[in-house]
Amino acid sequence: MEQFTTLEQRILLTIKDILTETECFTSYDLIKDSPKVLRGALASLVKKGVVSIDSSPCNIDGVLLYEVDYWDMDAINSIEEEQTA
């Protein structure tokens with residue numbers, strides 16, 4: 001099982017929370033609470049292949065946002081299992 005840093009786990013739990021409402025979200029939704037701190041963790045998750053960010057931004061109300069187009073549900077569920085174990 002892949003080991004995730006605390007910040008990576010925070011992002012994965014954010015994805016899990018978002019997925020209770022919608023399956024359409026952007027990278028900004030994952031880092032907006034602390035962009036300077038979480039950008040690196042998000043980049044690490046992309047490098048590990050746990051999430052994928054679309055390389056073409058979408059223009060929403062004049063703001064360019066990058067859609068998250070893949071997430072690894074096994075990785076997200078493993079975080080929940082580790083926290084309850």
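Predicted model: local features only at pLDDT ≥ 70, side-chain atom pairs only at ≥ 80, totals over all residues.
Setting aside neighbours within four places in sequence, Ile 11 is in contact with Leu 30, Leu 38, Ala 41, Leu 42 and Leu 45. Keep those names in mind, as several of them will come back.

Two packed helices are described by the angle between their axes and the distance between the axes. For α1 and α3, the axes come within 9 Å and cross at roughly 80°. Because angles of 65 to 115 degrees count as roughly perpendicular, α1 is roughly perpendicular to α3. On the α1 side, the contact is made by Leu 7, Glu 8, Arg 10, Ile 11 and Leu 12, while α3 brings Val 37, Leu 38, Ala 41, Leu 42, Ser 44 and Leu 45. Sorted by class, this contact has eight nonpolar, one polar and two charged residues.

Finally, let's visit Asp 29, which sits in helix α2 (residues 27-31). Is Asp 29 buried or exposed, or partly exposed? Its relative accessibility is 24%, so Asp 29 counts as partly exposed, since buried means under 20% and exposed over 50%. Not counting residues up to four places away in sequence, Asp 29 touches Thr 14 and Ile 18. From C-alpha to C-alpha, Asp 29 and Ile 18 are 8.7 Å apart in space, and they are 11 residues apart in sequence. A polar atom of the Asp 29 side chain also lies 2.8 Å from the backbone nitrogen of Thr 26.

Note on methods:
Residues numbered from 1 in each chain as written. Heavy atoms only, no water. Helix = DSSP H or I, 4+ residues; strand = E, 2+ residues; numbered from the N terminus. Buried < 20%, exposed > 50% of the residue type's maximum accessible area, 1.4 Å probe, protein only. Contact = heavy atoms within 4.5 Å. Polar contact = N/O pair within 3.5 Å; in protein donor to acceptor, adjacent residues only side chain to side chain. Axes fitted to C-alpha atoms, helices over the stretch in contact; angles between N-to-C directions. Parallel < 35°, antiparallel > 145°, perpendicular 65-115°, else oblique. Nonpolar A, V, L, I, M, F, W, Y, C, P; charged D, E, K, R; others polar.
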